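Subject: Handing over a structure

Hi there,

Here is the structure I promised to pass on to you. Please open it first, and then read my notes below alongside it.

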Amino acid sequence: MGDLVFDIGYGHFLVLAAVLFVIGMAGVLIRRNALIILMSVELMLNAANMTLLAFSRMWGDLSAHTFALIVIAVAAAEAAVGLAIVVAVFRGRRNVDVDRLTALRH
Amino acid sequence: MDPQSAAAFVTADPHFAGLPLLAWIPLLPLLGAFINLVFGRWLSRGTVQAIAIAAVAAACGLVVYLVFFPLYDAFRNGQGGVGIEQQVYTWIEVGSFKAQLAFRLDTLSSVMVLIITFVGTWIHIYSTGYMSHEPRYAAYFGYLNLFMGAMLILVLGSSLPVMFIGWEGVGLCSFLLIGFWYENDAYATAGRKAFVVNRIGDFCFLLGMFLLFWATKDIASSDASGVVRGSLDFATLKLPQAGAAFVQPFWGGERLAAAAGILLFIGASGKSAQIPLYVWLPDAMAGPTPVSALIHAATMVTAGVYMICRMSFLFSASTTALIVVSTIGLLTALAAAFMAFAQTDLKKVLAYSTVSQLGFMFVAAGTGNWTAAIFHLMTHAFFKACLFLGAGSVMHGMEHGGSHTPGDITTMGGLKKHMPITRITFLISCLAIAGIFPFSGFFSKDDILGGAFHAHPPGWPDLYGKFLWVGLSVAALGTAVYMWRLYFLVFESKERTKEAEGAHESPASMTSALVVLATFATVIGLIGAPALRSIKLPGFTHSLAAWLAPSVTHQWHEGTPIEGEAPSAKDVAACANVEEEQGACTMDSGAAGVCMGEEHHLACEPASDLGTAGLLGGALGIGLLGIFIAWRLYRNGPSPTVAKLTAEHGPLHGAYEASKHKLWVDEFYDLSIVRGFKALARGLFEIVDRFIIDTVAVNGAAFVVGIFARISRWFQNGSVQRYLAGLIVGAAAVFFITDCHHKATFDYEFLTGGQLHLRAEPGAGIVGSQAVLSWDLDGDGVADRDPKNPNKPLSGMDLTVPAGDVGAKVTLWIEDPIARETTRVTRTIEMPEPTVGSAAPRPPSPTPAPSPPPAAPATGFSRGGN
Amino acid sequence: MSIQKAFLFLLAVAIALGALVADAPEATAQPATAQPAAGQPVQLHVVPSDGPRGGVTVNPTIDPDRNLHGDRVESHGKGMALLFWVFAAASIGGALFVVTRRNLIAAVMGMVGSFLGIAAVYMMLYAHFLAVVQMLVYAGAIMVLFVFVIMILNRPEDEPVAPTGHVGQVVGGIAILYLLFRLGMLLAHVHVPASAQLAPPPMQLPGGEVADWGTVKAVGSDLFSGGLFPFEAISILLLISVVGAIAIAKPLKDDDGEDADLGEDLATAASGAPHTDGGHA
């Protein structure tokens, strides 16, 4: 047990990333507010980034850093567009509950 | 068409107004029908009847021209298959199958078209008088013309499909004309009955056609086109190759011809009112009397006989089919004659008489006596049409006298005074139908009887022919009795009612037709008069058999394909001549009729003049006996003797009731078939429609779809989270499935320098990464000790050991600390070709590197903090 | 709000504590005495050609726990372990905050805390540059954007978790737990190459320079050599997304009334007055 607590290996980082990813996933799954869902998606992206960086360190390959940088940029773009959509939806419907945004059904 | 038969045909190809001349024969009445049916309501009666009669008369004239000039020339020149064949256009073309709308006037169809157009013309003329008070005058003549057109198509068609057009057309016209006075419910019902019963036959006709089409699916064509892929042309079906197909075993050991023939015969029995489908014909008397004369006596009902003669090449290939035809014909003749006895309606008696006479014709056809069948068809057309028209005349007169039941013979009597012309013509026709010399019926009926007497179909006892002969003789006796009963009751003795006293002769338009038909009924029999060796009749005797010979088959297919066309007219004539000279063989009226039972062409039954004359005399005697009986019983009106015999407790009461109620056949059909079908329909409605279709199929389908819709609706609710949940479940499933199949093992690889590199592959997940490994390299079955640290077992994912230390077998234990189970993997180490190993290249661990690093030993590097 | 405050307080305490603990052992450590020449690096470990690209070289004479500049780069030891746990707790706690809080601002604050913790974890992975980018871009820019939008909407959720669809949530939850289990098991026991136990080696840059692992110089060198095309592509993507965001969020010409409403919302949001939504409650 002491090993597990004091010897921080790559597994720790990766499991942390997995936990974050799953929390984000749960957030996407259960929350109704579109903003929270967007944030949860960001969380999942960060978890993925963390995995990338851990493996980058593990295999001594810096190109994963580049990749993570691109992921951050894409996340920023996604957040911008996502928030714009939220605003547009809000303007039309006066709420951003994804429960009520069921136009995909039709 | 195949050139062989076409070459034998008349070379002349006459056209008129762009259409083949043959096509004009049915087209003229059809044009008349079109005008009268479409524009009739604006035309005057005179115009209507002028158009109708002109159309039919023109067709008659055209037929007379074609038959007596081109066709007769060809016949006299002895050309092989005598006939004219003309194509109008290609009707159906599917693949190699081609159905031409083509017409064929050969010696067989020429007889038919002559009868049809000639009798038809006179019946049209008669109708102008009989139907003069009819408000729907144009419709009547339109239907009549339509019938003529359809009948001519039926007869002239050069293939079964074209014949079927006419076949259905006459059925339609029959329906329309039986129910012409559709305001009367019983009449409309009679029309429907005729239609439905005919449909049963038509269905079998179609099946027979399909069977023939199938049978000829790969016979060799006679022309350059090679193989015939199914054909229904008479010319093709007549080919020897097709004959070979007919005699092939088909079903139940019978030949294909038996199945096809019986199916076609069922079709014929529907149209020609044979058992068991005859029931519609007596009811069909609901139509106008000229219609009964034309359709239900002279022409349409004989279509079945014509069709069987047309298909003689098929029927002659199967004894079974012929036995069926002749037996059914005999039974019909007897049953209908029996039923005619107790009928009191004038037209009903004639109707049963027609059914009975049609039975005679089928017996003739069933004994291969095609000539006799056609001969009797012809004479019957005249005398029965004359009888019907006479009956119509009588009813016309009785109506004039004020009768409301003009057909009831019990109310008549003594009409000879009031209707002399009608009486004379009726008398002639009665003589003809009773078979009295020299009226036409004598020759034709004797032809049939003689043919039956000599018939002995292959595989059947000789007595069969005698049996037919006896049966037919009884039927002929019955015919004479009931016809003359009719005659005596209607015309002789004294008027029994006021209405009969008030009757008077019909107008000239009606009597002229009677006279003409009676004349023909008298003399027409001479063309088929039997040839006796000792008595030389004028040259035209027995000409009918020679005339028909090219169109019908005179031989039996006995398993082997026949070798040529049907014998030409010359052959027949030659045969007749030779036999006459030798005196060994009599061409007893129907040449083919006596030829049954042998394989050769025209194997003639030796029959002496005495035999022939005896048969003739016997037939005459039967007719005279019948007339005598009728005279004894009915010369003074209804017979008290008969009344006594058929009274409540009389000896013949049962028979009388049976005859009067037509053997209860209608009741039997109603009980067995109609009710049965109604119950079946009811059951089908309840089970199939209500339950299977409505409940199970429709609602069940909706229910199943609903279930799936419910399931898919759960996913497709538009909520993106629901979709994502599905995605996640799917991802979990992927993980789950991929975890199920890992298998622990290890790889080994020979390195240069005699080293062996072993690498454990403990599998994925928990088992793989936390497993405690131990190796047995020397193959003693016990885990080895680590050489560096003998207290510990040899462990580690990657091992590099000298190859020489390794035994033949290496065992790896993988202990899963979580699940607490041990997997054991044993592999046989195969000494290699150099550098070849089974392990895939991997990122090499530091161990095998040439200069091992000081730190980081091969094992335990997952421990941090060193 | 008290939970958030407690969380933020705990986070701050943890950071401080972690820093103290991390510093403690190093305080006694000797500074590097020998500063060997940077030249003549011995190639210790050549990554196979099908492996990660680039030749990572390590100078064996360098103390693996020290970088080019003699700083300690080791991320071992109890202090580092404590720091890891603190930041892991911070990031997980923040993440839980995001998915559980009803108040959107609280959620965003939890998100910021989580991002800070994640950035710290990045540091431990020698991703210095990305840690900074994480803080700047995520905790700074993106979260500010979120806060703005939240201010526009200013609408607390009636019911944070959808009241319906329990079956889906249960199934999804089970699937998530299974995924967590499998991922965790897989990731916790990855096969770690021996070299990864060492401090990351300085990198040989194309220009002959040597740079520390994960620094701006090293990442930039990689980004602008091999990753140039993705870099340019991502810049175009950003441009497109900016244009797209404007196009989407721009009020339509014909719904002025809606726009007025939104303006009103904005006004109320800006003034901080409680938003009352008479028409749509």
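**What I found**

Of the 281 residues in chain C, 33% are buried, where buried means that 20 or more other C-beta atoms lie within 10 Å of the residue's own, exposed means 12 or fewer, partly exposed is in between, and C-beta atoms are placed from the backbone. Please keep in mind that this is a predicted model, in which local features need pLDDT of at least 70, side-chain atom pairs count only at pLDDT 80 or more, and totals for chains, interfaces and linings use all residues. Residues are numbered from 1 along each chain as its sequence is written, while chains are lettered from A and ligands numbered from 1 in the order in which they are written.

**The three chains**

Let's stay with chain C for a moment. Chain C has eight helices and two strands; helices (H or I, at least four residues) and strands (E, at least two) are DSSP runs, numbered from the N terminus. Reading from the N terminus, the order in chain C is α-α-α-α-α-β-β-α-α-α. Two residues are in contact if their C-beta atoms, placed from the backbone, lie within 7 Å. Among the contacts in chain C between residues at least 6 apart in sequence, 59% link residues at least 24 apart.

Chain A has four helices and zero strands, so to speak a plain α-α-α-α run from the N terminus on. Its 106 residues are 69% buried. For contacts in chain A between residues at least 6 apart in sequence, 50% join residues at least 24 apart.

Chain B has 866 residues, 50% of them buried, and contains 30 helices and 14 strands. Of the contacts in chain B with a separation of 6 or more, 74% come from residues 24 or more positions apart.

**Where the chains meet**

How many residues do chain C and chain A bring to their contact? Chain C gives 79 residues and chain A gives 66 residues. On the side of chain C that touches chain A, several helices supply at least two residues each, including α2 (77-100), α3 (104-124) and α8 (256-271).

**Helices to look at in chain B**

Start with helix α16 (residues 346-366) of chain B. This helix has 21 residues and spans 30 Å from its first C-alpha to its last, close to the 30 Å expected at 1.5 Å a residue (the expected span is 1.5 Å times one less than the number of residues). Because 20 of its 21 residues are buried, α16(B) is largely enclosed by the rest of the structure. After α16(B) comes B:Gly368, whose phi is positive, near 75°.

Next, find helix α17 (residues 370-400) of chain B, which packs against α16(B) at an angle of about 175°, with the axes 9 Å apart. Axes are lines fitted to C-alpha atoms, for helices over the stretch in contact, and angles run from 0 to 180 degrees between N-to-C directions. The two helices are therefore roughly antiparallel (angles over 145 degrees count as roughly antiparallel, under 35 as roughly parallel, 65 to 115 as roughly perpendicular and the rest as oblique). By class, their contact has 15 nonpolar, four polar and two charged residues.

A second pair is α3 (residues 45-76) and α4 (residues 107-130) of chain B, packed at about 155° with axes 9 Å apart. That makes α3(B) roughly antiparallel to α4(B). Their contact has 14 nonpolar, eight polar and no charged residues.

**One last residue**

Is B:Val474 buried or partly exposed? With 16 other C-beta atoms within 10 Å, B:Val474 is partly exposed. B:Val474 lies in helix α20 (residues 463-491) of chain B. B:Val474 and B:Ile622 are 148 residues apart in sequence, but 8.3 Å apart in space, C-alpha to C-alpha.

Enjoy exploring!

Methods. Nonpolar A, V, L, I, M, F, W, Y, C, P; charged D, E, K, R; others polar.
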